[in-house]
Amino acid sequence: MVLKAELHCHVEGAASPRLVEKKAAKYGADVSAIIQGGKFVWHDFTSFLHAYDQASMLFRTEEDYADLAEDYLLSLSRQDAIYSELFISTDHAISAGLDPRAYIEGLAEGMRRAKAATGIEGRLIATGLRHKGPEAVMAAARYIVENPHPLVTGFGMAGDERMHNPKDFSAAFELARDAGLGITVHAGELSGWKSVSDALDALKPSRIGHGVRAIENPDLVRRLADEQILLECCPGSNIALSVYGDFAAHPFANLARAGVPMTLNSDDPPYFHTDLAQEYEIAATYFGYDDEMLKAVTHTALKAAFVDEATRTALLERLYPDKTVRVADELFAGSLSSS
Ligand code: ADE
Ligand code: ZN
């Protein structure tokens, strides 16, 4: 059993079809266009985003979001995860008629319940939606900066990467960074390597969501390794969205061998028929990762997590119960140089 940590999962995208159907029954809504045979239906990125938006409209109260966070974190804990960062979207809350304050309080309550039941630790990353444009992303950043919450420790951007230019969002990211939030941004998923380097130049993230298309430019791969920019990699999502044809063609192992810090994540698990345990399993089956290498992936995630140092140390102590964190770090460095 390998302990796991997840840095990249969208809370709206973590809602299981079963939970969405339960909320649909509560609100008398028809979800037959987006759930069939107990599975979400979509056929490309645009229709995926549509199904995701429709499902999220059924989470309308603080308690709906407490249920969602609790349900997902309990399922992660059953997969031996000890840490979770969830992307949240105040835009989705507002579209569903929910005050962002109630949205965040609901999520925090669900996280408290799951932590009390299992010990799983978690943080939230506020996101703006790229396809909604610079003003909407600035509004999302401004909201979270003006309404800080101890569990919201990062800011990022999701949505359709094919729209707009990273520099259009510089002011929003600067505001978030100046407020002390950790910075991540989706890039190099639907668009190629240039999207990653433009995002690095304009938005200065310490982590990139996906980023796998960086493999198309060796100089950029070297830059990611030199600057130790972590990739929140989601292999199952990449195959489901046809970024790569199959796992054999996926660049995870090559990026890791080049020294880029790599993590495993589920993105929107029920939409992509995956979960965190399956992502670790994919790495074992297709990328040749043994348990020690998988544990190093968890270590990489914890080192880059948007948490205070006391929490990070406590999490690393859970990962290495019989070693000091200093010795664990040395072992980790050794496992990287020998791989
Ligand atoms: N929002 C939810 N999932 C996403 C993905 N895979 N890419 C961009 N935005 C998203
Ligand atoms: Zn994502």
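The largest nonpolar core holds 97 residues. Within this core, V20, I88, Y103, F155 and Y271 touch the most other members. Helix 5, which spans residues 100-118, supplies the largest share, seven residues. The model is predicted.

**Nonpolar cores**

- Leaving aside residues up to four places away in sequence, Y271 touches E12, G13, F40, W42, F48, A51, Y52 and A55.
- A second core is separate and has 17 residues. Among them are I82, L302, A305 and V307.

**Strands 7 and 8**

- Strand 7 covers residues 182-187, and strand 8 covers residues 207-210.
- The two strands run parallel, joined by four bridges.
- Which residue in strand 8 is the bridge partner of V185? The partner is I208.
- Helix 8, residues 193-203, forms a β-α-β unit with strand 7 and strand 8. The unit is right-handed.

**Strands 8 and 9**

- Strand 8 also pairs with strand 9, residues 230-233.
- Three bridges join strand 8 to strand 9, and they run parallel.
- G209 stands opposite E232, which lies in strand 9.
- Helix 9, residues 218-226, makes a β-α-β unit together with strand 8 and strand 9. This unit is right-handed.

**Putting the strands together**

- Strand 8 is joined to strand 7 by four bridges and to strand 9 by three.
- Strand 8 belongs to the unit with helix 8 and to the unit with helix 9.

Notes. Residues numbered from 1 in each chain as written. Chains lettered and ligands numbered in written order. Predicted model: local features only at pLDDT ≥ 70, side-chain atom pairs only at ≥ 80, totals over all residues. Heavy atoms only, no water. Core = buried A, V, L, I, M, F, W, Y, C linked by side-chain atoms within 4.5 Å. Buried < 20%, exposed > 50% of the residue type's maximum accessible area, 1.4 Å probe, protein only. Contact = heavy atoms within 4.5 Å. Pairing = 2+ DSSP bridges. Right-handed = clockwise from strand over helix to strand, strands pointing away.
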